[in-house]
Amino acid sequence: MTSSSASSRKALSKIACNRLQKELTEWQLSPPSGFKHKVTDNLKRWVIEANGAAGTLYANETYQLQVDFPEHYPMEAPQANILYDSWSPAMTVSSICISILSMLSSATVKQCPADNDRYVKNCRSGRSPKETRWWFHDDKV
């Protein structure tokens, strides 16, 4: 058992529960455009449907995002692949979704990175995406 799987079984702290309830209420009143929260009874795991923005390579496509929250959210980052090491407790699920939509919308080529299969295999074998140190194929150094 990995440390990330052990921590995923822990209950959310009171602070995490309050913060997630607040974010969920705000989401229900004003969801980010192009996203829909799939209602479940599990506050620790949100399943979100994302729709590609019109006029982009991903227009009219639907994707599913799973966000898993740690015991000490928001002081600890939720498990969502785009966060890498720039998480801040000021960020919200809505801001994560907007970042994802922005990344998809700015894509000029629709293809997975060359090392995508290796990354997926590592995650499926128990490595937390939060442990990933990212570098980007389109970075100009």
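Rings of Phe, Tyr and Trp (its six-membered ring) are taken to pair if their centres lie within 6.5 Å; planes under 30 degrees apart count as stacked, over 60 as edge-to-face and the rest as tilted. By this rule, W27, W46, F69, Y73 and W87 form one aromatic cluster. The structure is a predicted model, in which local features need pLDDT of at least 70, side-chain atom pairs count only at pLDDT 80 or more, and totals for chains, interfaces and linings use all residues. Residues are numbered from 1 along each chain as its sequence is written, and side-chain values use heavy atoms, with hydrogens and water left out.

The protein has 4 helices and 3 strands. Helices (H or I, at least four residues) and strands (E, at least two) are DSSP runs, numbered from the N terminus. Along the sequence the pattern is α-α-β-β-β-α-α. Buried residues make up 30% of the 141 residues. Here buried means under 20% relative accessible area, exposed over 50%, and partly exposed in between (1.4 Å probe, protein chains only). The accessible surface comes to about 9400 Å², and 53% of this surface belongs to carbon and sulfur atoms. Areas come from the Shrake-Rupley method with a 1.4 Å probe; for residues, only the protein chains shown count as cover. Contact means heavy atoms within 4.5 Å. Among contacts with a separation of 6 or more, 48% join residues 24 or more positions apart.

The aromatic pairs number 5. One of them joins W46 and F69 edge-to-face, at 5.5 Å centre to centre and with 70° between the planes. This pair links distant parts of the chain: W46 lies in strand β2 (residues 45–51), F69 in the loop between β3 (62–68) and α3 (93–106), 23 residues apart. Both W46 and F69 are buried. F69 also pairs edge-to-face with Y73, at 4.8 Å centre to centre and with 70° between the planes. Y73 is buried, as is F69.

In soluble globular proteins, nonpolar side chains tend to be buried together. A nonpolar core is defined as a set of buried Ala, Val, Leu, Ile, Met, Phe, Trp, Tyr and Cys residues joined through side-chain atoms within 4.5 Å. The largest such core has 22 residues, of which W46, I48, F69 and V93 touch the most other members. Two or more residues come from each of α2 (14–29), β2, β3 and α3. Helix α3 gives the most, with 5 residues. Beyond its neighbours within four places in sequence, V93 is in contact with E23, W27, W46, I48, F69 and Y73.

Helix α3 has 14 residues and, at 1.5 Å a residue, should span 20 Å; its end C-alpha atoms are 20 Å apart, which agrees. The expected span of a helix is 1.5 Å times one less than its number of residues. V93, I96, C97, I100 and L101 of α3 are buried. They cover an arc of only 135° around the axis, which puts them on the same side of α3. The arc is that of the directions from the helix axis to the C-beta atoms. I98 and S106 are exposed on the other side of α3. The buried residues of α3 pack against α2, β1 (35–38), β2 and β3.

Helix α2 was examined in the same terms. Its 16 residues should span 22 Å at 1.5 Å a residue, and its end C-alpha atoms are 23 Å apart, which agrees. A16, R19, L20, E23, L24 and W27 of α2 are buried. Their arc around the axis is only 135°, which puts them on the same side of α2. The face turned away from this buried side carries the exposed residues K14, I15, K22, Q28 and L29. The buried residues of α2 pack against β1, β2 and α3.

Two further positions complete the account. S13 lies in the loop between α1 (3–8) and α2. It counts as buried because its relative accessibility is 19%. Not counting residues up to four places away in sequence, S13 touches E71 and H72. K38 is found in strand β1. At 32% relative accessibility, K38 counts as partly exposed. Leaving aside neighbours within four places in sequence, K38 is in contact with V47, E49 and Q64. The C-alpha atoms of K38 and Q64 are separated by 9.6 Å, with the two residues 26 apart along the chain.
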